[in-house]
Structure formats: structure tokens, C-alpha cells
Amino acid sequence: MQRGKLLDPSSDTSSTLKSHKKPHECSESGKSFACRSLLLIHRKVHEGSGSSEGLESKKFFSGKDAKDLGSPPRLKFHKYEECDLYFDQRSHLLTHQKIHTGEKPYQCLECGKSFSKKAYLKEHERSHTGEKPYKCWQCGKSFPRKSDLWVHDKIHAGIKPYKCFECGKCFTLSSTLRNHWKTHTGERKEMCLECGRCFTLKSNLVRHQSLHNIDRPYKCPECEKRFVNSSQLQRHQEWHKGELPYKCGECGKSFITPTHLQIHQRIHTGEKPYKCGECGKCFSQKCHLGSHQRVHTGEKPYRCVECGKSFGYKEVLWKHQQIHTGEKPFQCLECGTFFRMKSTLRHHVKVHTGEKNYKCLDCGRAFARSGTLRSHSRIHTGEKPHKCSECDKCFSRKCTLLKHQQIHRGEKT
């Protein structure tokens, strides 16, 4: 039985697969193939990573022409005036004509979808029946369309004809190359209307949107926040009750889970296990590294649906959206001041309590914010990560860099 021919679904081909010979051997690598066409595809690997150079004389033909690979191509006499395309048979010209007229006479009785060719309808009907008549002789995998089998054949032949000119990576499918290319261009056209986040691929957007659609039946009676399961709700309620069983021996701060405690303790130990491969900067949390890497890539996946402005961080988008709403939902019970973000309120409260949990291991000085401690630590380390693009002068704090840049712009400081 030849590759690409329709198989009888009822027939048992397992024994045939085992006994099937591979008579066509590559003289270059010694690899064998069931069909000569597969061998010719494989030869492209030796002749330059999927390039068709050197195989011009070995053109591929369907049907009877495949038997004589040296035969010249058919002459094409039939021209379609609309687009200047030529065809070797009048029937092919008439079939092509339907593209311009929009005629789709073949309708699927199952779902009502229409097609311009009877062959297209037949292929489509297999999506309803589950029929996969085209079987690979190499591994036994079946496919609903002949074109899918041809694409699959390239995997066995080791051919990857689509090459990325940016990084040199090769792909079997042109569609895979197109998706890969977006990683270089930073193109993110697929946007979630729920939260404004953008994605490179539609499949990633669909996967993300399922997070918004997850049923959260467990509701907190205290703050009305919802959760997927009862254990998440129970852990959340401990926060309301002040039940934080995992306590830091260094500063006395308590946490709901041992993981949160472990992450917190890195502030005291100075441990930063996550390193940026681009600039060598280290971070205590993996999520912080991921956020930092957007500085190098310029990626801004979070988009405001109100004005179209994009941001590198979800928190910055949320903060920005409150500009449109004017909302300041978080109030300080001590002085009555309102804030847009809960984190800003938490930092503000420390002004009243005098709480300073972040201690410098070099000089013992304590700070209310971890960010302030990081900036202070640079006095001891001499680190100046903020560089002026105009004169290459470096600064330990971003605010000092911004103040310095006013000199170049001619602004009064």
C-alpha cells in the first residue's frame, strides 16, 4: 500500500507496519525510507537545511507523474483573465474561478458550512466522523488530511525549511516560524478585555481567559473575595483573624504560609537566587526577575482599555486605571487620608506606627520599606545601577538620575 492512499479503517494494519520494508536508503547518512518521495525530502537536509537548491531536476508530482521523476512538467494553456494565472486543465481553471465568484456549492449536512470544492467538503466531514485515513508508515500515526501527513513526514525526514533570520532557529511549519518571529518583534495583538493583558498567540489568550471564567464558589463573608476551593478560603480567613502561624525569628513578622516566610527571610539573609542573564542583577523572588527582564525586552503586556496606554506591570496598570475613575478606595483610619492602592496605604500606616522592619546588615539602620533599604545598601556596596544615556554618568538612585537628566534638557533643578 502506498503512502497517502486511503486506508480501510476496519483493516488491521499493525502487522503490516511491523513487516513493512524501507527500500529507499540515503547514500549520505544510511537512513532508510518507505517511499522515494520521503528520501528526496530527506536529501534536502544534506544539501543545505531544507533548501531546494540542487533538487531542481527532481521535482515532485502527484499521481502518475510521480512514477517518472525525470519527466518534464505539464504545459499550462488555460489562462484566467481575472488574475493572470495559468492552468494545465480546464477543470482546474473552473475550480479556481469559484475563488473569485465566491461560489460554494458543497454544503455539510452536519453543520451547514459550505465549500467551493467537493474535496474540501470531504475533508471537513472527517472533523465530524473522526476519520483519519492517512497513515504514516514510519510511526503509524494517522491524519484526517493528506497535507497533514506530508507535514508530519518532514519530522521523520529531519527537514526544517523555515529559518528565522534573527536567531537562526529552524522550523518545520511556516506558521510556527511566524509565531516564533513575534518573540523578536514583541508583537502582542491578542488582548484580554477583562484585565487588559496582551499576548503573542491567541491560544495563550484563550488559556489566560479561562482564569477569569473559573468558578469561585467559596466566598469570604468578611471582604466578599471569592476562591476556587475551601482551603484557599480558610487560608485567607486566617489573615482576617490575624492567625499567622509562621513567624520570622529575625524581626517577628508573621506569615500565613511557610513559603511566604521563606521568601521574607531573604530580606535578612540577603539571598538573591534569581539572576538576570542580560545584566547579572539578582533578585530574591522569581516574579521580580520576570518583571525586571521587561526592562531589557521593552515588553509592556498590560494595556489600558480606556486610553490604549500599555504598561510593563499589572500593578502600574491598576494604578493608572484609577486616574480614569478618580477612585481612592483605601483610607487611613489614623488620619483619614485616602489612597489609590492598598500597598501605598500600608506604607503610609508605618508613619503613624513607626514600624521599621527592614534592617541594614552593614550598619544596623532600619527602614520602613524594603525599597528604601535596597537604595541605602548601595552606599555600602558602591553600586550605581542607574546610568544616564546622555553622558554615561551613573547613580545609585533613580530619582537622582531623573534630577540629573534635567540638566541635559535645560530645565531648572
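His 320 is buried, with a relative accessible area of 10%; buried means under 20% relative accessible area, exposed over 50% and partly exposed in between, with a 1.4 Å probe and protein chains only. His 320 sits in helix α11, residues 314-325. Helices (H or I, at least four residues) and strands (E, at least two) are DSSP runs, numbered from the N terminus. Beyond its neighbours within four places in sequence, His 320 is in contact with Cys 304, Cys 307, Lys 309 and Phe 311; contact means heavy atoms within 4.5 Å.

This is a predicted model: local features need pLDDT of at least 70, side-chain atom pairs count only at pLDDT 80 or more, and totals for chains, interfaces and linings use all residues. Residues are numbered from 1 along each chain as its sequence is written, and side-chain values use heavy atoms, with hydrogens and water left out.

**Overall**

- The secondary structure comes to 14 helices and 26 strands.
- The protein has 413 residues, and buried residues make up 24% of them.
- Take the contacts between residues at least 6 apart in sequence: 15% of them join residues at least 24 apart.
- The accessible surface comes to about 28800 Å², and carbon and sulfur atoms account for 49% of it. Accessible areas come from the Shrake-Rupley method with a 1.4 Å probe; for residues, only the protein chains shown count as cover.

**Helix α11**

- α11 has 12 residues. From first C-alpha to last it reaches 17 Å, close to the 16 Å expected at 1.5 Å a residue. The expected span of a helix is 1.5 Å times one less than its number of residues.
- His 320 is buried in α11, as are Leu 317 and Gln 322.
- The cover over the buried residues of α11 includes β19 (302-303) and β20 (310-311).

**Helix α10**

- α10 spans residues 286-297, which is 12 residues. Its first and last C-alpha atoms are 17 Å apart, close to the expected 16 Å.
- Leu 289, His 292 and Arg 294 are buried in α10.
- These buried residues pack against β17 (274-275), β18 (282-283) and β19. Strand β19 is also among the cover of the buried residues of α11.
- Just after α10, Gly 298 has a positive phi of about 75°.

**Helix α13**

- α13 covers residues 370-381. Its 12 residues should span 16 Å at 1.5 Å a residue, and the end C-alpha atoms are 16 Å apart, which agrees.
- The buried residues of α13 include Leu 373, His 376 and Arg 378.
- The packing partners of the buried residues are α9 (258-269), β23 (358-359), β24 (366-367) and β25 (386-387).
- Gly 382 follows α13, and its phi is positive, near 80°.

**Ser 127 in helix α4**

- Ser 127 lies in α4, residues 118-129. Ser 127 is exposed, with a relative accessible area of 54%.
- A polar atom of the Ser 127 side chain lies 2.5 Å from the backbone oxygen of His 124.
- Ser 127 and Pro 144 are 17 residues apart along the chain, and their C-alpha atoms are separated by 7.9 Å.

**Salt bridge**

- The count is 1 salt bridge, defined as a side-chain nitrogen of Lys or Arg within 4 Å of a carboxyl oxygen of Asp or Glu.
- Arg 145 and Asp 148 form a salt bridge through their side chains, at 3.1 Å from N to O.
- Arg 145 is partly exposed, with a relative accessible area of 36%. Asp 148 also counts as partly exposed, at 22% relative accessibility.

**Cysteines**

- A disulfide is a covalent bond between the sulfur atoms of two cysteines. The working cut-off is a pair of cysteine sulfur atoms within 2.5 Å.
- The count of disulfides is 0. Cys 136 is in no disulfide, and its nearest cysteine sulfur, that of Cys 139, is 3.8 Å away.
- Cys 136 counts as buried, at 1% relative accessibility.
- For Cys 248, the closest cysteine sulfur is in Cys 251, at 3.8 Å, too far for a bond. Cys 248 is buried, with a relative accessible area of 3%.

Note on methods. Polar contact = N/O pair within 3.5 Å; in protein donor to acceptor, adjacent residues only side chain to side chain.
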